[in-house]
Amino acid sequence: MSTMETHSSASFSSYADHMQSLVRDLKKKVSVIIKGGTGYDRHLKAGKMLVRNRIELLLDPGSPFLEIGQFAGHEQYDEPTPAAGVVAGIGLIHQQFCIIIANDPTVKGGAYYPLTVKKHLRAQYIAMENHLPCLYLVDSSGANLLHQSDLFPDKEGFGRIFFNQAKISALQIPQIAIVLGSCTAGAAYIPAMSEQTIIVKNQGTIFLGGPPLVKAATGEIVTAEELGGAQVHTETSGLADYLAENEHHAFNIARHIAYHFNRSTIKIPNINAIQPPKYDAKSLYSLIPDTLKKTYAVQDIILRLVDGSVFDEFKPLYGKTLVCGIATIWNEKIGIIANNGILFSESAQKGTHFIQLCCQQKIPLLFLQNISGFMIGKRYEAAGIAKHGAKMVNAVACASVPKLTVIIGGSFGAGNYGMCGRAYDPRFLWSWPNARIAIMGGEQATNVISTIKENTLKKQNQCWNTEDKMAFRQTLLNQYEQHSSPYYASARLWDDGIIDPADTRDILGLSLLIVKQGPIQKTQFGVFRM
Ligand code: COA
(Lines give C-alpha, C1' and ligand atoms only; values in the text may rest on other atoms or scores of the structure.)
Protein backbone atom coordinates (compact mmCIF):
# COMPACT_ATOMS: atom_id res chain seq x y z
CA MET A 1 0.00 0.00 0.00
CA SER A 2 1.30 3.41 -0.81
CA THR A 3 -0.17 6.71 0.25
CA MET A 4 3.08 8.60 0.35
CA GLU A 5 5.43 9.82 -2.28
CA THR A 6 7.96 7.15 -3.04
CA HIS A 7 10.63 9.53 -4.20
CA SER A 8 11.96 12.93 -3.37
CA SER A 9 9.41 15.70 -3.87
CA ALA A 10 12.10 18.27 -4.57
CA SER A 11 10.57 20.64 -7.08
CA PHE A 12 12.58 20.67 -10.28
CA SER A 13 11.84 24.21 -11.40
CA SER A 14 13.52 23.72 -14.77
CA TYR A 15 11.17 20.80 -15.41
CA ALA A 16 8.21 22.95 -14.42
CA ASP A 17 9.34 25.74 -16.76
CA HIS A 18 9.70 23.25 -19.58
CA MET A 19 6.24 21.73 -19.09
CA GLN A 20 4.65 25.15 -18.61
CA SER A 21 6.02 26.28 -21.95
CA LEU A 22 4.67 23.09 -23.63
CA VAL A 23 1.25 23.69 -22.07
CA ARG A 24 1.27 27.36 -23.15
CA ASP A 25 2.03 26.27 -26.69
CA LEU A 26 -0.78 23.67 -26.53
CA LYS A 27 -3.30 26.26 -25.34
CA LYS A 28 -2.22 28.73 -28.03
CA LYS A 29 -2.76 26.11 -30.73
CA VAL A 30 -6.16 25.14 -29.26
CA SER A 31 -7.26 28.79 -29.16
CA VAL A 32 -6.65 29.03 -32.92
CA ILE A 33 -8.47 25.75 -33.64
CA ILE A 34 -11.62 26.65 -31.72
CA LYS A 35 -12.06 29.85 -33.73
CA GLY A 36 -12.99 27.69 -36.74
CA GLY A 37 -12.24 28.20 -40.41
CA THR A 38 -11.94 31.04 -42.88
CA GLY A 39 -15.67 30.99 -43.69
CA TYR A 40 -16.38 32.53 -40.26
CA ASP A 41 -17.63 35.95 -41.50
CA ARG A 42 -19.72 34.53 -44.33
CA HIS A 43 -21.32 32.08 -41.90
CA LEU A 44 -22.24 34.75 -39.33
CA LYS A 45 -23.55 37.06 -42.06
CA ALA A 46 -25.91 34.27 -43.11
CA GLY A 47 -27.35 34.47 -39.58
CA LYS A 48 -26.13 31.03 -38.58
CA MET A 49 -24.67 29.97 -35.26
CA LEU A 50 -21.07 28.82 -34.90
CA VAL A 51 -20.58 25.12 -34.36
CA ARG A 52 -19.34 25.32 -30.77
CA ASN A 53 -22.25 27.56 -29.77
CA ARG A 54 -24.61 25.05 -31.35
CA ILE A 55 -23.15 22.25 -29.21
CA GLU A 56 -23.38 24.36 -26.07
CA LEU A 57 -27.09 25.00 -26.70
CA LEU A 58 -27.79 21.34 -27.30
CA LEU A 59 -26.11 20.10 -24.12
CA ASP A 60 -27.38 20.47 -20.56
CA PRO A 61 -26.34 23.82 -19.06
CA GLY A 62 -22.90 23.39 -17.49
CA SER A 63 -22.42 19.95 -19.07
CA PRO A 64 -18.83 18.82 -19.54
CA PHE A 65 -17.80 18.32 -23.16
CA LEU A 66 -15.09 15.74 -23.66
CA GLU A 67 -13.84 16.78 -27.06
CA ILE A 68 -12.04 14.25 -29.22
CA GLY A 69 -9.74 14.79 -32.18
CA GLN A 70 -9.30 18.52 -31.67
CA PHE A 71 -5.99 18.41 -33.56
CA ALA A 72 -7.28 16.22 -36.40
CA GLY A 73 -6.13 17.64 -39.72
CA HIS A 74 -3.65 20.02 -38.03
CA GLU A 75 -1.18 21.20 -40.71
CA GLN A 76 -2.15 18.30 -42.96
CA TYR A 77 -3.51 20.09 -46.01
CA ASP A 78 -2.58 23.12 -48.09
CA GLU A 79 -5.16 25.22 -46.26
CA PRO A 80 -5.93 25.23 -42.50
CA THR A 81 -8.59 22.72 -41.50
CA PRO A 82 -9.29 23.37 -37.80
CA ALA A 83 -10.54 20.20 -36.06
CA ALA A 84 -10.71 18.67 -39.58
CA GLY A 85 -13.96 20.59 -40.11
CA VAL A 86 -16.00 18.50 -37.70
CA VAL A 87 -16.27 19.01 -33.94
CA ALA A 88 -16.87 15.81 -31.99
CA GLY A 89 -17.18 15.01 -28.33
CA ILE A 90 -19.26 13.65 -25.49
CA GLY A 91 -21.58 15.66 -23.30
CA LEU A 92 -24.79 15.34 -21.33
CA ILE A 93 -28.34 15.75 -22.63
CA HIS A 94 -30.91 15.29 -19.89
CA GLN A 95 -28.14 13.71 -17.84
CA GLN A 96 -27.41 11.07 -20.50
CA PHE A 97 -23.99 10.86 -22.11
CA CYS A 98 -24.36 11.43 -25.87
CA ILE A 99 -21.80 11.86 -28.62
CA ILE A 100 -22.12 14.95 -30.78
CA ILE A 101 -20.69 14.98 -34.32
CA ALA A 102 -21.06 18.48 -35.72
CA ASN A 103 -19.87 19.75 -39.10
CA ASP A 104 -18.12 23.10 -39.09
CA PRO A 105 -19.28 24.86 -42.28
CA THR A 106 -16.69 27.61 -41.76
CA VAL A 107 -14.09 25.04 -42.90
CA LYS A 108 -14.59 24.67 -46.69
CA GLY A 109 -18.35 24.53 -46.36
CA GLY A 110 -18.06 21.55 -43.96
CA ALA A 111 -16.64 19.40 -46.75
CA TYR A 112 -15.21 16.01 -45.73
CA TYR A 113 -11.43 15.73 -46.08
CA PRO A 114 -9.93 12.25 -45.58
CA LEU A 115 -9.20 13.14 -41.93
CA THR A 116 -12.76 14.46 -41.47
CA VAL A 117 -13.97 11.01 -42.47
CA LYS A 118 -11.49 9.35 -40.11
CA LYS A 119 -12.63 11.54 -37.23
CA HIS A 120 -16.33 11.01 -37.93
CA LEU A 121 -15.71 7.24 -37.96
CA ARG A 122 -13.69 7.41 -34.75
CA ALA A 123 -16.59 9.20 -33.04
CA GLN A 124 -19.00 6.53 -34.28
CA TYR A 125 -16.76 3.75 -32.95
CA ILE A 126 -16.73 5.51 -29.57
CA ALA A 127 -20.54 5.53 -29.73
CA MET A 128 -20.66 1.80 -30.51
CA GLU A 129 -18.18 0.73 -27.82
CA ASN A 130 -19.72 2.86 -25.10
CA HIS A 131 -23.37 2.70 -26.21
CA LEU A 132 -23.73 6.45 -26.60
CA PRO A 133 -26.64 8.03 -28.50
CA CYS A 134 -25.37 10.01 -31.53
CA LEU A 135 -26.50 13.48 -32.48
CA TYR A 136 -25.33 14.65 -35.88
CA LEU A 137 -25.37 18.42 -36.42
CA VAL A 138 -25.28 18.42 -40.20
CA ASP A 139 -24.09 21.40 -42.23
CA SER A 140 -21.84 20.00 -44.91
CA SER A 141 -21.08 20.24 -48.60
CA GLY A 142 -20.35 16.49 -48.61
CA ALA A 143 -17.17 14.86 -49.80
CA ASN A 144 -14.32 17.24 -50.55
CA LEU A 145 -14.18 16.92 -54.31
CA LEU A 146 -10.49 17.83 -54.42
CA HIS A 147 -9.58 14.83 -52.24
CA GLN A 148 -12.16 12.29 -53.40
CA SER A 149 -9.75 9.51 -54.29
CA ASP A 150 -8.35 9.52 -50.74
CA LEU A 151 -11.70 9.31 -49.06
CA PHE A 152 -14.32 7.71 -51.25
CA PRO A 153 -14.38 3.94 -51.76
CA ASP A 154 -12.08 2.25 -49.25
CA LYS A 155 -13.30 0.18 -46.29
CA GLU A 156 -12.79 3.07 -43.88
CA GLY A 157 -13.94 5.68 -46.43
CA PHE A 158 -16.92 8.02 -46.61
CA GLY A 159 -19.38 5.17 -47.17
CA ARG A 160 -18.42 3.62 -43.83
CA ILE A 161 -20.16 6.49 -42.04
CA PHE A 162 -23.55 5.29 -43.34
CA PHE A 163 -22.64 1.62 -42.84
CA ASN A 164 -21.91 2.51 -39.21
CA GLN A 165 -25.21 4.36 -38.89
CA ALA A 166 -27.05 1.19 -39.84
CA LYS A 167 -24.98 -0.86 -37.38
CA ILE A 168 -25.40 1.67 -34.57
CA SER A 169 -29.14 1.58 -35.05
CA ALA A 170 -29.07 -2.23 -34.98
CA LEU A 171 -27.24 -2.00 -31.65
CA GLN A 172 -30.34 -0.12 -30.36
CA ILE A 173 -28.35 3.10 -29.97
CA PRO A 174 -30.47 6.15 -30.89
CA GLN A 175 -29.32 8.53 -33.63
CA ILE A 176 -30.73 11.98 -34.36
CA ALA A 177 -29.79 14.32 -37.19
CA ILE A 178 -30.30 18.07 -36.91
CA VAL A 179 -30.04 19.61 -40.38
CA LEU A 180 -28.73 23.14 -39.98
CA GLY A 181 -27.45 23.80 -43.48
CA SER A 182 -26.53 21.97 -46.57
CA CYS A 183 -26.61 18.15 -46.76
CA THR A 184 -25.46 17.49 -50.28
CA ALA A 185 -24.80 14.18 -51.99
CA GLY A 186 -23.14 11.78 -49.49
CA ALA A 187 -23.97 14.10 -46.58
CA ALA A 188 -27.67 13.62 -47.45
CA TYR A 189 -27.38 10.08 -46.15
CA ILE A 190 -26.55 11.30 -42.64
CA PRO A 191 -30.14 12.52 -42.00
CA ALA A 192 -31.55 9.79 -44.22
CA MET A 193 -29.87 7.05 -42.17
CA SER A 194 -30.72 8.67 -38.82
CA GLU A 195 -33.73 7.45 -36.87
CA GLN A 196 -35.22 10.90 -36.34
CA THR A 197 -34.39 14.05 -38.28
CA ILE A 198 -35.04 17.70 -37.56
CA ILE A 199 -34.59 20.34 -40.27
CA VAL A 200 -34.43 24.12 -39.91
CA LYS A 201 -36.79 26.17 -42.08
CA ASN A 202 -35.19 28.31 -44.82
CA GLN A 203 -31.77 27.02 -43.78
CA GLY A 204 -31.50 23.25 -44.04
CA THR A 205 -31.49 21.48 -47.39
CA ILE A 206 -31.07 17.81 -48.25
CA PHE A 207 -30.51 16.50 -51.76
CA LEU A 208 -28.43 13.92 -53.58
CA GLY A 209 -27.57 16.41 -56.35
CA GLY A 210 -27.69 20.19 -55.94
CA PRO A 211 -29.33 22.61 -58.41
CA PRO A 212 -26.22 22.97 -60.63
CA LEU A 213 -25.89 19.20 -60.98
CA VAL A 214 -29.62 18.77 -61.66
CA LYS A 215 -29.44 21.43 -64.38
CA ALA A 216 -26.38 19.81 -65.94
CA ALA A 217 -27.83 16.30 -65.77
CA THR A 218 -31.49 16.86 -66.67
CA GLY A 219 -31.82 20.51 -67.72
CA GLU A 220 -34.29 21.10 -64.89
CA ILE A 221 -33.98 24.52 -63.25
CA VAL A 222 -34.85 24.48 -59.58
CA THR A 223 -33.87 26.39 -56.41
CA ALA A 224 -32.20 24.65 -53.48
CA GLU A 225 -35.28 25.28 -51.34
CA GLU A 226 -37.62 23.78 -53.94
CA LEU A 227 -35.30 20.83 -54.44
CA GLY A 228 -34.70 19.82 -50.83
CA GLY A 229 -35.78 22.49 -48.36
CA ALA A 230 -37.36 21.91 -44.95
CA GLN A 231 -40.92 22.10 -46.20
CA VAL A 232 -40.34 19.60 -49.02
CA HIS A 233 -38.88 17.05 -46.62
CA THR A 234 -41.27 17.46 -43.70
CA GLU A 235 -44.47 17.76 -45.79
CA THR A 236 -43.81 15.84 -49.00
CA SER A 237 -40.85 13.44 -49.05
CA GLY A 238 -41.01 12.45 -45.37
CA LEU A 239 -37.22 12.40 -45.22
CA ALA A 240 -37.29 14.72 -42.20
CA ASP A 241 -39.59 14.35 -39.21
CA TYR A 242 -39.68 17.74 -37.50
CA LEU A 243 -39.74 21.28 -38.90
CA ALA A 244 -37.82 23.76 -36.75
CA GLU A 245 -38.44 27.49 -37.06
CA ASN A 246 -34.80 28.28 -36.27
CA GLU A 247 -31.68 26.73 -34.75
CA HIS A 248 -32.76 27.30 -31.13
CA HIS A 249 -36.04 25.56 -31.88
CA ALA A 250 -34.17 22.66 -33.53
CA PHE A 251 -32.04 22.07 -30.43
CA ASN A 252 -35.13 22.22 -28.24
CA ILE A 253 -36.80 19.54 -30.35
CA ALA A 254 -33.63 17.41 -30.21
CA ARG A 255 -33.53 17.71 -26.41
CA HIS A 256 -37.19 16.66 -26.21
CA ILE A 257 -36.48 13.59 -28.34
CA ALA A 258 -33.49 12.72 -26.16
CA TYR A 259 -35.64 13.10 -23.04
CA HIS A 260 -37.63 10.08 -24.24
CA PHE A 261 -34.61 7.84 -24.91
CA ASN A 262 -35.55 5.98 -21.74
CA ARG A 263 -31.95 5.20 -20.81
CA SER A 264 -30.45 5.22 -17.34
CA THR A 265 -29.21 8.65 -16.40
CA ILE A 266 -25.82 9.35 -14.97
CA LYS A 267 -24.97 11.65 -12.13
CA ILE A 268 -21.66 13.39 -12.48
CA PRO A 269 -20.27 13.01 -8.97
CA ASN A 270 -19.89 16.11 -6.90
CA ILE A 271 -16.18 16.64 -7.37
CA ASN A 272 -15.95 18.36 -4.00
CA ALA A 273 -17.25 15.23 -2.29
CA ILE A 274 -14.53 13.00 -3.76
CA GLN A 275 -11.24 12.73 -1.94
CA PRO A 276 -8.76 14.66 -4.11
CA PRO A 277 -5.13 13.61 -4.47
CA LYS A 278 -2.88 14.90 -1.71
CA TYR A 279 -0.86 16.88 -4.21
CA ASP A 280 -1.86 19.75 -6.47
CA ALA A 281 -2.38 18.69 -10.12
CA LYS A 282 0.07 21.32 -11.36
CA SER A 283 2.82 19.78 -9.24
CA LEU A 284 2.95 17.17 -12.03
CA TYR A 285 4.78 19.77 -14.12
CA SER A 286 7.85 19.70 -11.92
CA LEU A 287 8.05 15.89 -11.96
CA ILE A 288 8.28 15.35 -15.68
CA PRO A 289 11.86 15.63 -16.93
CA ASP A 290 12.62 17.92 -19.86
CA THR A 291 14.08 14.99 -21.79
CA LEU A 292 12.98 11.39 -22.22
CA LYS A 293 16.51 10.31 -21.35
CA LYS A 294 15.96 11.11 -17.66
CA THR A 295 14.07 8.63 -15.51
CA TYR A 296 11.75 9.21 -12.57
CA ALA A 297 9.46 7.20 -10.30
CA VAL A 298 6.11 6.88 -12.06
CA GLN A 299 4.42 6.26 -8.69
CA ASP A 300 4.79 10.01 -8.12
CA ILE A 301 2.61 10.65 -11.18
CA ILE A 302 0.02 8.07 -10.11
CA LEU A 303 -0.30 9.64 -6.65
CA ARG A 304 -1.32 12.90 -8.35
CA LEU A 305 -4.05 11.25 -10.40
CA VAL A 306 -5.88 8.98 -7.98
CA ASP A 307 -8.41 9.67 -5.22
CA GLY A 308 -6.74 10.44 -1.91
CA SER A 309 -3.37 9.50 -3.46
CA VAL A 310 -4.13 5.95 -2.39
CA PHE A 311 -2.55 3.36 -4.68
CA ASP A 312 -2.50 -0.34 -3.80
CA GLU A 313 0.54 -1.60 -5.64
CA PHE A 314 0.63 -5.19 -6.93
CA LYS A 315 3.89 -7.16 -6.61
CA PRO A 316 5.90 -4.00 -5.81
CA LEU A 317 9.15 -5.92 -5.29
CA TYR A 318 9.09 -7.80 -8.59
CA GLY A 319 9.54 -6.57 -12.17
CA LYS A 320 9.91 -3.02 -10.87
CA THR A 321 10.10 -1.40 -14.31
CA LEU A 322 6.35 -1.90 -14.62
CA VAL A 323 4.21 -0.50 -11.84
CA CYS A 324 0.79 -2.13 -11.46
CA GLY A 325 -1.92 -1.52 -8.89
CA ILE A 326 -5.48 -0.59 -8.07
CA ALA A 327 -6.85 2.82 -7.16
CA THR A 328 -9.98 4.89 -7.69
CA ILE A 329 -10.46 7.99 -9.82
CA TRP A 330 -13.71 9.93 -9.27
CA ASN A 331 -14.70 6.97 -7.05
CA GLU A 332 -14.42 4.54 -9.99
CA LYS A 333 -12.08 1.56 -9.59
CA ILE A 334 -9.18 1.42 -12.03
CA GLY A 335 -6.26 -0.98 -12.54
CA ILE A 336 -3.18 1.07 -13.39
CA ILE A 337 -0.22 -0.20 -15.43
CA ALA A 338 2.60 2.32 -15.71
CA ASN A 339 6.10 2.18 -17.14
CA ASN A 340 8.97 2.78 -14.78
CA GLY A 341 11.78 2.08 -17.21
CA ILE A 342 12.40 -0.43 -19.96
CA LEU A 343 10.25 -3.59 -20.11
CA PHE A 344 12.04 -6.78 -18.96
CA SER A 345 10.69 -10.33 -18.96
CA GLU A 346 9.71 -10.06 -15.28
CA SER A 347 7.83 -6.81 -15.79
CA ALA A 348 6.01 -8.17 -18.86
CA GLN A 349 4.94 -11.29 -16.93
CA LYS A 350 3.81 -9.21 -13.98
CA GLY A 351 1.78 -6.98 -16.34
CA THR A 352 0.15 -10.04 -17.92
CA HIS A 353 -0.76 -11.43 -14.49
CA PHE A 354 -2.24 -8.08 -13.44
CA ILE A 355 -4.29 -7.73 -16.64
CA GLN A 356 -5.77 -11.18 -15.99
CA LEU A 357 -6.73 -10.13 -12.45
CA CYS A 358 -8.45 -6.95 -13.64
CA CYS A 359 -10.33 -8.84 -16.34
CA GLN A 360 -11.51 -11.42 -13.82
CA GLN A 361 -12.76 -8.63 -11.56
CA LYS A 362 -14.07 -6.49 -14.44
CA ILE A 363 -11.95 -3.51 -13.44
CA PRO A 364 -11.10 -1.05 -16.26
CA LEU A 365 -7.42 -0.65 -17.06
CA LEU A 366 -5.37 2.53 -17.35
CA PHE A 367 -2.03 2.42 -19.16
CA LEU A 368 0.45 5.21 -18.49
CA GLN A 369 2.90 4.92 -21.36
CA ASN A 370 6.48 6.11 -21.09
CA ILE A 371 8.32 3.34 -22.78
CA SER A 372 11.37 3.02 -24.98
CA GLY A 373 10.59 -0.64 -25.68
CA PHE A 374 11.41 -4.15 -24.50
CA MET A 375 14.98 -4.95 -23.37
CA ILE A 376 17.24 -6.25 -26.12
CA GLY A 377 20.59 -8.08 -26.12
CA LYS A 378 21.92 -11.66 -26.13
CA ARG A 379 21.19 -12.39 -22.49
CA TYR A 380 17.63 -11.11 -22.70
CA GLU A 381 16.79 -12.83 -25.98
CA ALA A 382 18.05 -16.10 -24.51
CA ALA A 383 15.88 -15.56 -21.43
CA GLY A 384 12.83 -15.25 -23.71
CA ILE A 385 12.11 -11.50 -23.72
CA ALA A 386 10.19 -11.90 -27.02
CA LYS A 387 7.89 -14.61 -25.68
CA HIS A 388 7.30 -12.84 -22.36
CA GLY A 389 6.59 -9.58 -24.16
CA ALA A 390 4.23 -11.47 -26.46
CA LYS A 391 2.26 -12.65 -23.40
CA MET A 392 1.67 -9.07 -22.37
CA VAL A 393 0.72 -8.01 -25.90
CA ASN A 394 -1.66 -10.99 -26.06
CA ALA A 395 -3.27 -10.10 -22.72
CA VAL A 396 -3.71 -6.43 -23.67
CA ALA A 397 -5.28 -7.37 -27.01
CA CYS A 398 -7.80 -9.80 -25.49
CA ALA A 399 -8.68 -7.87 -22.32
CA SER A 400 -12.29 -6.87 -22.84
CA VAL A 401 -12.55 -4.54 -19.86
CA PRO A 402 -12.54 -0.88 -20.93
CA LYS A 403 -8.96 0.28 -21.51
CA LEU A 404 -7.73 3.86 -21.26
CA THR A 405 -4.25 4.98 -22.32
CA VAL A 406 -2.32 8.16 -21.62
CA ILE A 407 1.03 8.67 -23.33
CA ILE A 408 2.94 10.54 -20.65
CA GLY A 409 6.38 10.34 -22.30
CA GLY A 410 7.84 8.09 -24.95
CA SER A 411 5.84 5.54 -26.89
CA PHE A 412 8.31 3.50 -28.88
CA GLY A 413 8.43 0.14 -30.62
CA ALA A 414 6.65 -2.88 -29.24
CA GLY A 415 6.32 -0.96 -25.97
CA ASN A 416 3.53 0.94 -27.73
CA TYR A 417 1.74 -2.38 -28.31
CA GLY A 418 2.26 -3.91 -24.87
CA MET A 419 1.12 -0.66 -23.27
CA CYS A 420 -2.12 -0.47 -25.24
CA GLY A 421 -1.32 1.87 -28.11
CA ARG A 422 -3.95 2.81 -30.68
CA ALA A 423 -3.87 -0.60 -32.39
CA TYR A 424 -4.96 -2.25 -29.11
CA ASP A 425 -8.34 -0.50 -28.95
CA PRO A 426 -8.16 1.63 -25.83
CA ARG A 427 -11.59 3.25 -25.44
CA PHE A 428 -9.76 6.59 -25.18
CA LEU A 429 -6.14 7.50 -25.80
CA TRP A 430 -4.76 10.86 -24.67
CA SER A 431 -1.25 12.31 -25.01
CA TRP A 432 0.65 14.82 -22.95
CA PRO A 433 2.40 17.59 -24.88
CA ASN A 434 5.83 16.11 -24.08
CA ALA A 435 4.88 12.77 -25.70
CA ARG A 436 6.98 11.22 -28.46
CA ILE A 437 5.56 8.45 -30.64
CA ALA A 438 7.67 6.48 -33.11
CA ILE A 439 8.90 3.01 -33.95
CA MET A 440 12.16 4.00 -32.25
CA GLY A 441 14.00 7.17 -31.22
CA GLY A 442 15.49 9.31 -33.98
CA GLU A 443 19.09 8.74 -32.88
CA GLN A 444 18.68 4.97 -32.75
CA ALA A 445 16.92 4.86 -36.11
CA THR A 446 19.63 7.05 -37.65
CA ASN A 447 22.36 4.80 -36.24
CA VAL A 448 20.62 1.65 -37.50
CA ILE A 449 20.06 2.97 -41.03
CA SER A 450 23.55 4.53 -41.23
CA THR A 451 25.18 1.25 -40.14
CA ILE A 452 23.20 -0.73 -42.73
CA LYS A 453 24.00 1.78 -45.46
CA GLU A 454 27.69 1.86 -44.53
CA ASN A 455 27.89 -1.98 -44.61
CA THR A 456 26.27 -2.07 -48.04
CA LEU A 457 28.73 0.49 -49.39
CA LYS A 458 31.67 -1.44 -47.90
CA LYS A 459 30.50 -4.61 -49.66
CA GLN A 460 30.60 -2.63 -52.90
CA ASN A 461 34.10 -1.35 -52.03
CA GLN A 462 32.81 2.18 -51.78
CA CYS A 463 33.20 4.58 -48.93
CA TRP A 464 30.78 7.10 -47.55
CA ASN A 465 32.34 10.54 -47.28
CA THR A 466 31.83 12.29 -43.96
CA GLU A 467 29.95 15.24 -45.42
CA ASP A 468 27.34 13.05 -47.17
CA LYS A 469 27.03 10.87 -44.11
CA MET A 470 26.42 13.85 -41.82
CA ALA A 471 23.83 15.30 -44.22
CA PHE A 472 22.04 11.94 -44.45
CA ARG A 473 21.99 11.57 -40.67
CA GLN A 474 20.73 15.11 -40.13
CA THR A 475 17.88 14.69 -42.62
CA LEU A 476 16.76 11.50 -40.92
CA LEU A 477 17.08 13.02 -37.44
CA ASN A 478 14.95 15.99 -38.51
CA GLN A 479 12.36 13.68 -40.02
CA TYR A 480 12.13 11.61 -36.83
CA GLU A 481 11.93 14.75 -34.70
CA GLN A 482 9.01 16.04 -36.77
CA HIS A 483 7.22 12.72 -37.14
CA SER A 484 7.38 11.74 -33.47
CA SER A 485 5.76 14.98 -32.28
CA PRO A 486 2.41 14.52 -30.49
CA TYR A 487 0.90 17.08 -32.89
CA TYR A 488 1.92 14.97 -35.88
CA ALA A 489 0.26 11.99 -34.18
CA SER A 490 -2.87 13.81 -33.08
CA ALA A 491 -3.36 15.39 -36.52
CA ARG A 492 -3.65 11.84 -37.87
CA LEU A 493 -5.94 10.71 -35.05
CA TRP A 494 -3.42 8.29 -33.59
CA ASP A 495 -4.81 9.58 -30.30
CA ASP A 496 -8.00 11.29 -29.13
CA GLY A 497 -6.29 14.50 -28.13
CA ILE A 498 -3.37 16.26 -26.47
CA ILE A 499 -4.16 17.26 -22.92
CA ASP A 500 -2.67 19.45 -20.21
CA PRO A 501 -1.20 17.00 -17.64
CA ALA A 502 -2.97 18.98 -14.92
CA ASP A 503 -6.35 18.03 -16.50
CA THR A 504 -5.54 14.32 -16.70
CA ARG A 505 -7.39 13.26 -13.55
CA ASP A 506 -10.67 14.93 -14.54
CA ILE A 507 -10.45 13.67 -18.13
CA LEU A 508 -9.89 10.13 -16.82
CA GLY A 509 -12.74 10.52 -14.30
CA LEU A 510 -15.11 11.57 -17.06
CA SER A 511 -13.80 8.85 -19.38
CA LEU A 512 -14.46 6.24 -16.67
CA LEU A 513 -18.09 7.37 -16.31
CA ILE A 514 -18.50 7.26 -20.10
CA VAL A 515 -17.03 3.78 -20.58
CA LYS A 516 -19.42 2.48 -17.90
CA GLN A 517 -22.30 3.13 -20.33
CA GLY A 518 -21.23 0.18 -22.48
CA PRO A 519 -21.48 -3.48 -21.46
CA ILE A 520 -18.33 -5.24 -20.19
CA GLN A 521 -17.98 -8.61 -21.91
CA LYS A 522 -16.32 -11.60 -20.27
CA THR A 523 -12.69 -11.74 -21.38
CA GLN A 524 -11.67 -14.79 -23.39
CA PHE A 525 -7.88 -15.11 -23.59
CA GLY A 526 -6.22 -17.27 -26.23
CA VAL A 527 -3.09 -19.36 -25.88
CA PHE A 528 -0.19 -17.77 -24.02
CA ARG A 529 3.27 -18.99 -25.02
CA MET A 530 4.85 -20.35 -21.81
N1 COA B 1 -15.45 20.06 -52.04
C2 COA B 1 -14.45 20.94 -51.95
N3 COA B 1 -14.61 22.24 -51.64
C4 COA B 1 -15.86 22.66 -51.44
C5 COA B 1 -16.98 21.82 -51.54
C6 COA B 1 -16.73 20.45 -51.85
N7 COA B 1 -17.71 19.54 -51.89
N8 COA B 1 -18.09 22.52 -51.30
C9 COA B 1 -17.68 23.76 -51.02
N10 COA B 1 -16.35 23.86 -51.12
C11 COA B 1 -15.51 25.05 -50.86
C12 COA B 1 -15.79 26.21 -51.80
O13 COA B 1 -14.98 26.10 -52.94
C14 COA B 1 -15.40 27.40 -50.93
O15 COA B 1 -13.98 27.48 -50.87
P16 COA B 1 -13.24 28.92 -50.66
O17 COA B 1 -13.67 29.39 -49.31
O18 COA B 1 -11.80 28.56 -50.73
O19 COA B 1 -13.76 29.79 -51.76
C20 COA B 1 -15.85 26.98 -49.54
O21 COA B 1 -15.90 25.56 -49.56
C22 COA B 1 -17.23 27.49 -49.16
O23 COA B 1 -18.14 27.19 -50.20
P24 COA B 1 -19.24 28.25 -50.71
O25 COA B 1 -19.91 27.65 -51.90
O26 COA B 1 -18.61 29.59 -50.90
O27 COA B 1 -20.20 28.31 -49.45
P28 COA B 1 -21.75 28.57 -49.40
O29 COA B 1 -22.11 28.65 -47.97
O30 COA B 1 -22.12 29.69 -50.29
O31 COA B 1 -22.41 27.25 -50.06
C32 COA B 1 -22.76 24.89 -50.40
C33 COA B 1 -22.32 26.00 -49.42
C34 COA B 1 -22.54 23.57 -49.67
C35 COA B 1 -24.22 25.07 -50.72
C36 COA B 1 -21.93 24.95 -51.70
O37 COA B 1 -20.55 25.10 -51.37
C38 COA B 1 -22.05 23.73 -52.57
O39 COA B 1 -23.05 23.52 -53.23
N40 COA B 1 -20.98 22.87 -52.62
C41 COA B 1 -20.95 21.71 -53.46
C42 COA B 1 -21.67 20.57 -52.81
C43 COA B 1 -21.57 19.29 -53.62
O44 COA B 1 -21.98 19.26 -54.76
N45 COA B 1 -21.01 18.25 -53.03
C46 COA B 1 -20.89 17.01 -53.68
C47 COA B 1 -20.13 16.10 -52.81
S48 COA B 1 -20.12 14.49 -53.53
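## Ligand contacts

A nitrogen atom of the ligand lies 3.0 Å from a polar backbone atom of leucine 145. This distance comes from a predicted model. A polar backbone atom of alanine 143 is likewise found 3.0 Å from a nitrogen atom of the ligand, and for serine 141 the distance between a polar backbone atom and a ligand nitrogen is 2.9 Å. On its own the ligand has 870 Å² of accessible area, of which the protein covers 51%.

## The surrounding shell

Serine 141, alanine 143 and leucine 145 belong to a group of residues that surrounds the ligand. By residue type, the shell consists of 5 polar, 4 nonpolar and 2 charged residues.

## Helices 17 and 18

Helix 17 spans residues 442-459 and helix 18 spans residues 466-483. Their axes cross at roughly 145° and come within 9 Å. The crossing of helix 17 with helix 18 is right-handed.

On the side of helix 17, the contact involves Gly442, Glu443, Ala445, Thr446, Asn447, Ile449, Ser450, Lys453 and Glu454. Helix 18 contributes Lys469, Phe472, Arg473, Leu476, Leu477 and Tyr480. The residues of this contact comprise 6 nonpolar, 5 charged and 4 polar ones.

Definitions and conventions: Residues are numbered from 1 along each chain as its sequence is written. This is a predicted model: local features need pLDDT of at least 70, side-chain atom pairs count only at pLDDT 80 or more; totals for chains, interfaces and linings use all residues. Side-chain values use heavy atoms; hydrogens and water are left out. Axes are lines fitted to C-alpha atoms, for helices over the stretch in contact, and angles run from 0 to 180 degrees between N-to-C directions. Helices (H or I, at least four residues) and strands (E, at least two) are DSSP runs, numbered from the N terminus. A crossing is left-handed if the near helix is turned anticlockwise from the far one by less than a right angle, and right-handed if clockwise. Contact means heavy atoms within 4.5 Å. Ala, Val, Leu, Ile, Met, Phe, Trp, Tyr, Cys and Pro count as nonpolar, Asp, Glu, Lys and Arg as charged, and the others, Gly among them, as polar. A residue is near a molecule or strand if one of its heavy atoms lies within 4 Å of it. A polar contact is a pair of N or O atoms within 3.5 Å; within protein, one must be able to donate a hydrogen and the other to accept it, and residues adjacent in sequence count only if both atoms are side-chain atoms. Accessible areas come from the Shrake-Rupley method with a 1.4 Å probe; for residues, only the protein chains shown count as cover.
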